[in-house]
Amino acid sequence: TAADAAKAAKNACGDLRSPAPLTRQKALYALGQLGDAALPYLETAAKYLNDPDDGVRCAACDCFGGHATHEHVRQRHRKDIQSRVDKDANEDVREAARQALRRYDEAEAGDRAKALLSDWRDLEGESGASCATSVLEQVRQGNLKALTTLSPLMLYNRAFMLAAIQRDVRALEYADPELWGDRIVMLAALKARDPLVSGAAFVFRLASDVLREDLAFLRQALETNGYALEHVPQRLKGDKQLVLVAVLQAGGALRHAALALRADEEVVLAAVRQDGLALEYASELLRASARVALEAAAQNVSAMKFTPVSLREDREFVLRCLRHSTYALEFAAETLKADRDFLFEAIKQDGVGGRDGFILQYASEALRGDADLLLKAMRRSSGALRLVPPKLLEDRSFMLQAVRQAPAALKFASSSLRDERSFVT
């Protein structure tokens, strides 16, 4: 019974004071086998690790090995046992100490395996779980140092660290280093969004060497955050399949691909379809490709600024871009902005070109005052008049034509014309 064990442990502790080495040995062996009942007497037993008798020191090592399942015993006495391995002159004592340390290692491995996957609320009992919950709230508020108050096993618990990372990705830095090689934990950190941390750089700085070379992990990482491509090993930045995964998630990751892949049409097309501005990182040859540039402009018309002048002077290319966005004319060559025939063509084509007359805001100054061009634009919307020079808004003949085409144009007429009864009626 527990009472019998407690009594036996107390008696064994009394026997440690015996002058007879054999009695002390038996007492130490007994304390090593009496489980929790012996715990109050281990501090006393520790003194016998330095006993002058070799047999007693062996028994003392065995006693502490018998309590390997208790984390606090391992933490308190590991160094004492290690000192017997390092310094004891007797080989039997050194071997007994080594056996005790092996039991410590096995117990720690078992505890860690349990801690990794267990529910962290059950890990340290009710009081420990309450403390951990409080720490998570402090982490959410930015007090990361609160994590240092927890036991090492809690910082090794996957579920707890996932909860901490969800509150602040920087908590990853306080995790047990073994978790930096855990695919689930590291992917969760990559998914986290924190304005104070560059996620991919932060995660890959901590990731284990093995994980950074793990193609399965890298693929999952790039599916989560394509910009993580910047941090993969250099040799893998030339892996086409891996780079495709990255640019499909974040087209701008193309900037981190090997030069050969930035000249690969399949890779570049995948990148610009996800983010047109990725065209900036394509090879010079592909930036001059109408097919690639049109795909980029369709996703983001601002990509046109990364195309060569030869494309921006190409009437057909710019007209096709205008079908996607009126603002394409902003990036057209100045020669086209001053080309009256081109602007007529742009205004009458299908698509959004010319809608509300905004296409004219990028026309040359001279053409913004061209009455015929403006009236053509007004067939789509009277909004074109908002770009008309003031002198035309005062021109009775021009404004009459404008109002006949679109009565709403009256509101753009000069105040003097609007005050004329004959004009208004």
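The structure holds 0 disulfides, a disulfide being a pair of cysteine sulfur atoms within 2.5 Å. This is a predicted model, in which local features need pLDDT of at least 70, side-chain atom pairs count only at pLDDT 80 or more, and totals for chains, interfaces and linings use all residues. Residues are numbered from 1 along each chain as its sequence is written, and side-chain values use heavy atoms, leaving out hydrogens and water.

Let's start with the cysteines. For Cys 61, the closest cysteine sulfur belongs to Cys 58 and is 6.6 Å away, too far for a bond.

| Residue | Relative accessible area |
|---|---|
| Cys 61 | 0% |
| Cys 321 | 0% |

Now to the aromatic rings. Rings of Phe, Tyr and Trp (its six-membered ring) pair if their centres lie within 6.5 Å; planes under 30 degrees apart count as stacked, over 60 as edge-to-face and the rest as tilted. The count comes to 1 aromatic pair. The ring centres of Phe 204 and Phe 217 are 6.1 Å apart with planes at 45°, so this pair is tilted. Because Phe 204 sits in helix H12 (residues 199-206) and Phe 217 in helix H14 (residues 215-224), the pair ties together parts 13 residues apart in sequence. Both Phe 204 and Phe 217 are buried.

Finally, a look at a loop serine. Ser 18 is found in the loop between helix H1 (2-15) and helix H2 (21-33); helices (H or I, at least four residues) are DSSP runs numbered from the N terminus. With 17% relative accessibility, Ser 18 counts as buried.

Note on methods
Helices (H or I, at least four residues) and strands (E, at least two) are DSSP runs, numbered from the N terminus. Buried means under 20% relative accessible area, exposed over 50%, partly exposed in between (1.4 Å probe, protein chains only).
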